[in-house]
Amino acid sequence: MSAGESDITRSLADVTPGAIADALASDGLWLDLGAVTLNVRSDSPVLAVQLKAVYGHYPFIDKADWADAHIRIMQARGLRRWMRPQVVFYCDGRLAFDPFPADSPLPLLEWGANWLVAQRLNDLLLLHAGAVERDGFALLLPAIPGSGKSTLTAALSQRGWRLLSDEFGAFDPAAGVFRAMLKPVALKNASIEVIKDFTPDAVFGPVFPKTRKGRVAHLAASKVSVQRRHDTARPGAVVLPKWQAGSPTRWEPLAEHVLFPALSFNAFNYNLLGEAGFRAAIALVRQCPGWQLIYSDLDDALATINAAWPGIVERHAQVEAS
Amino acid sequence: MRCFARVEGILVEPVGHLWAAFSPATGETALLNDESASILEVLEIEPADTTAVCVLLSSDSGIAPDELFALVDGSWQQLTEAGLVRELPVTLNNPQ
């Protein structure tokens, strides 16, 4: 749901870190991600700078009527704050998760926000997948372990595809479309350098060297992706990526009995949605052709997807016309 | 002989070479082969025991009922655990 934006003419990039810090310290900062709006409050002295780095294109909203979740990232109290300062995550007044180091409020916010979305947005089928859009259709990259879906999603988002999410394929069964859950792409370990080499002018936040998932950095969503975060996308295609060192690029069609479990059994809330989840997953499998993409060269992987895409769009156009 | 009924409200859809079957009783989805899906289709008509299911499947497939018996009899546990069929408290031959 969209917040009532108090000042849509200014983005976070247009205001000072002090203004962001003031908002965080008072009524909060509203982050409108497309399908969900978060209200974030914090007394962290570094969160404002970190948010400005990776949410720079988002509207600066410091007054609104609605948020789907209220988050507080606060400095931990107690004696240990003198020895090893930490920040903690509260949602709707309740403490959640173990604390993070005080210099890492952004990874805590990102991780906690993903957890909240997965818990709360049960009007949507939340596939665990990267999602990008082109020509009005969504391309899904389900998160099979070792798939490198965030790397490929990030690369596509830097080469003409609109980023919807690197974590959630948020399918609205009632409308039959995907919605954006637009946040920075969280890249881990070697993927950070892969994308920095792939797109030297990509905008990154700080690197956090010692999170529980290793080294993490956040890639900012492009301006156009942020501007279009309320635009939906029709189901387009599914690609199961698999990065394999030294492998030539392989592009092989997948049958529905492979696609169905890859989408449904990998979703955050499939079982919770019951019959609605089943019907939604079946609808997606019927509409979306699927391929396995095995690759080692990112440029070649993108060229393969880009070459196949016009045929996919044409196929959808024929189905819609018939 | 034990008799089984299809659980009300289950959804069965073909997905490639398999079938996806959702059970409202368990909230779970199972992937089934053609044989298990055929058993569910037979039970859509009425509850049946293994022998009756084999006779109906035989007429459809041309395979002798005796050859189908072990396959059908061995499917009940998986289908029951998946919440797709339920065993009736009485047998067909000796209803009380």
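Trainee: How are α8(A) and α10(A) oriented to each other?

Mentor: This is a predicted model. In it, helix α8 (residues 256-264) of chain A packs against helix α10 (residues 275-287) of chain A at an angle of about 135°. The two helices are therefore oblique to each other, α8(A) to α10(A).

Trainee: How far apart are the axes of α8 and α10 of chain A?

Mentor: Their axes are 10 Å apart. As background, two packed helices are described by the angle between their axes and the distance between the axes.

Trainee: Is the crossing of α8(A) and α10(A) right-handed or left-handed?

Mentor: The crossing in which α8(A) passes α10(A) is right-handed.

Trainee: Which residues meet there, between α8(A) and α10(A)?

Mentor: From α8(A) come Glu256(A), Leu259(A), Phe260(A), Leu263(A) and Ser264(A). They meet Gly277(A), Ala281(A), Leu284(A) and Val285(A) in α10(A). By class, this contact of α8(A) with α10(A) has six nonpolar residues, two polar ones and one charged one.

Trainee: Now the two chains. How many residues of chain A and of chain B take part in the contact?

Mentor: Chain A puts 13 residues into the contact, and chain B puts in 13 residues. On the side of chain A that touches chain B, α8 and α10 of chain A each supply at least two residues.

Trainee: Which element gives the most to that side of chain A?

Mentor: That is α8(A), with six residues. The residues on the side of chain A that touches chain B divide into seven nonpolar, four polar and two charged.

Trainee: What is the strand order of the open sheet in chain B?

Mentor: The order of this three-stranded open sheet is β2-β3-β4 (chain B), and the pairing is antiparallel. The edge strands are β2 (11-15) and β4 (29-32) of chain B, each of which pairs on one side only. On average, neighbouring strands of the sheet are turned by 25° against each other, direction ignored.

Trainee: Which strands of that sheet does α10(A) touch?

Mentor: α10(A) packs on the sheet and touches β2, β3 and β4 of chain B. The direction of α10(A) makes about 20° with that of β2(B).

Trainee: How many bridges join β2(B) to β3(B)?

Mentor: Five bridges join these antiparallel strands, β2(B) and β3(B). Within the pair, Val12(B) stands opposite Ala21(B) in β3(B). The two strands β2(B) and β3(B) form a hairpin with two residues between them, and Gly16(B) in the turn has a positive phi of about 60°.

Trainee: And how many bridges are there between β3 and β4 of chain B?

Mentor: Strand β3 (residues 18-22) of chain B pairs with β4(B) in the antiparallel sense over four bridges. Here Ala20(B) stands opposite Leu31(B) in β4(B).

Trainee: Let us stay with Ala20(B). Why does Ala20(B) count as buried?

Mentor: Ala20(B) counts as buried because it has 24 C-beta neighbours inside 10 Å, and the cut-off for a buried residue is 20 or more. Ala20(B) is found in strand β3 of chain B.

Trainee: What does Ala20(B) touch, leaving out residues up to four places away in sequence?

Mentor: Ala20(B) touches Phe260(A) and Ile282(A) in chain A, together with Glu13(B), Val15(B), Thr29(B) and Leu31(B).

Trainee: A change of topic: how many residues of helix α2 of chain A are buried?

Mentor: Six of the eight residues in helix α2 (residues 47-54) of chain A are buried, so that this helix is mostly covered. The buried residues of α2(A) are Leu47(A), Ala48(A), Gln50(A), Leu51(A), Lys52(A) and Val54(A).

Trainee: What covers the buried residues of α2(A)?

Mentor: The cover includes α1 (17-25), β2 (37-42), β3 (69-75), α4 (105-120) and β13 (214-219) of chain A.

Trainee: Where is Asp135(A) placed?

Mentor: Asp135(A) lies in the loop between β6 (125-134) and β7 (137-142) of chain A. The phi of Asp135(A) is near 60°, a positive value in a residue other than glycine. With 14 other C-beta atoms within 10 Å, Asp135(A) is partly exposed.

Trainee: Is Asn189(A) exposed or buried?

Mentor: Asn189(A) is exposed, with 12 other C-beta atoms within 10 Å. The phi of Asn189(A) is near 50°, again positive in a residue other than glycine.

Definitions and conventions:
Residues are numbered from 1 along each chain as its sequence is written. Chains are lettered from A and ligands numbered from 1 in the order in which they are written. This is a predicted model: local features need pLDDT of at least 70, side-chain atom pairs count only at pLDDT 80 or more; totals for chains, interfaces and linings use all residues. Axes are lines fitted to C-alpha atoms, for helices over the stretch in contact, and angles run from 0 to 180 degrees between N-to-C directions. Angles under 35 degrees count as roughly parallel, over 145 as roughly antiparallel, 65 to 115 as roughly perpendicular and the rest as oblique. A crossing is left-handed if the near helix is turned anticlockwise from the far one by less than a right angle, and right-handed if clockwise. Two residues are in contact if their C-beta atoms, placed from the backbone, lie within 7 Å. Ala, Val, Leu, Ile, Met, Phe, Trp, Tyr, Cys and Pro count as nonpolar, Asp, Glu, Lys and Arg as charged, and the others, Gly among them, as polar. Two strands pair if DSSP finds at least two bridges between them.
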